[in-house]
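Work through these exercises with the structure open. Each task is followed by its solution.

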Amino acid sequence: VEVWESGGGVVQAGGSLRLSCVSNERTIGTYDMGWFREAPGKEREVVAEIAWLQSKTTYADSVKGRFTISGDEAKNTLYLQMNNIKLEDSAVYYCASKGYYGGPYAYWGQGTQVTVSS
């Protein structure tokens, strides 16, 4: 399984951005997937996760109410809609997929840079 992120860039604080993650296999709607981010000098952290079978989404407290994770099975694409972006959201964002139910995140993309300007 391979996943590729896109949609990063430079955005002003308060603006919006949508990240996309395409998979080469049918992971959307199947195995749990998530968005993670890593800022310079900080550890990688989970931003949002989606459990397709349970129709459940979870978010980091820092992005609740601002970010939305969703997927399009027809396009085999995972999205992260980012609204009201803050300076502290600057990071490399990664998409990941689990390899089996209940397992760890096994497949990771290369990451896409999001830079927030004031």
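**Exercise 1. How many disulfides does a search of the whole structure find?**

Some ground rules come with the solution. This is a predicted model, in which local features need pLDDT of at least 70, side-chain atom pairs count only at pLDDT 80 or more, and totals for chains, interfaces and linings use all residues. Residues are numbered from 1 along each chain as its sequence is written, and side-chain values use heavy atoms, with hydrogens and water left out.

Step 1. Apply the cut-off: a disulfide is a pair of cysteine sulfur atoms within 2.5 Å. The search finds 1 disulfide.

Step 2. Name the partners. C21 is joined to C95, with 2.0 Å from S to S.

Step 3. C21 lies in strand β3 (residues 17-23) and C95 in strand β9 (residues 91-98), so the pair ties together parts that are 74 residues apart in sequence. Strands (E, at least two residues) are DSSP runs, numbered from the N terminus.

Step 4. Read the handedness. The angle about the S-S bond is -65°, and the link of C21 and C95 is left-handed.

Step 5. Check burial. C21 and C95 are both buried (under 20% relative accessible area, with a 1.4 Å probe and protein chains only).

**Exercise 2. Describe how strands β5 and β6 pair.**

Step 1. Recall the rule: two strands pair if DSSP finds at least two bridges between them.

Step 2. Count. Strand β5 (residues 45-51) and strand β6 (residues 56-59) are joined by 4 bridges and run antiparallel.

Step 3. Find a facing pair. K56 in β6 has A51 opposite.

Step 4. Inspect the turn. The hairpin has 4 residues between the strands, and S55 takes a positive phi near 50°.

**Exercise 3. Which salt bridges does D89 make with R37 and R66?**

Step 1. Set the cut-off: a salt bridge is a side-chain nitrogen of Lys or Arg within 4 Å of a carboxyl oxygen of Asp or Glu. The structure holds 6 salt bridges.

Step 2. Take R37. Its side chain meets that of D89 at 2.9 Å, N to O. R37 lies in strand β4 and D89 in the loop between β8 (77-82) and β9, so the pair ties together parts that are 52 residues apart in sequence.

Step 3. Take R66. Its side chain meets that of D89 at 2.7 Å, N to O. Salt bridges that share partners join R37, E45, R66 and D89 into one network.

Step 4. Check burial. R37 is buried at a relative accessible area of 7%. D89 is buried at 0%. R66 is buried too.

Methods:
Buried < 20%, exposed > 50% of the residue type's maximum accessible area, 1.4 Å probe, protein only.
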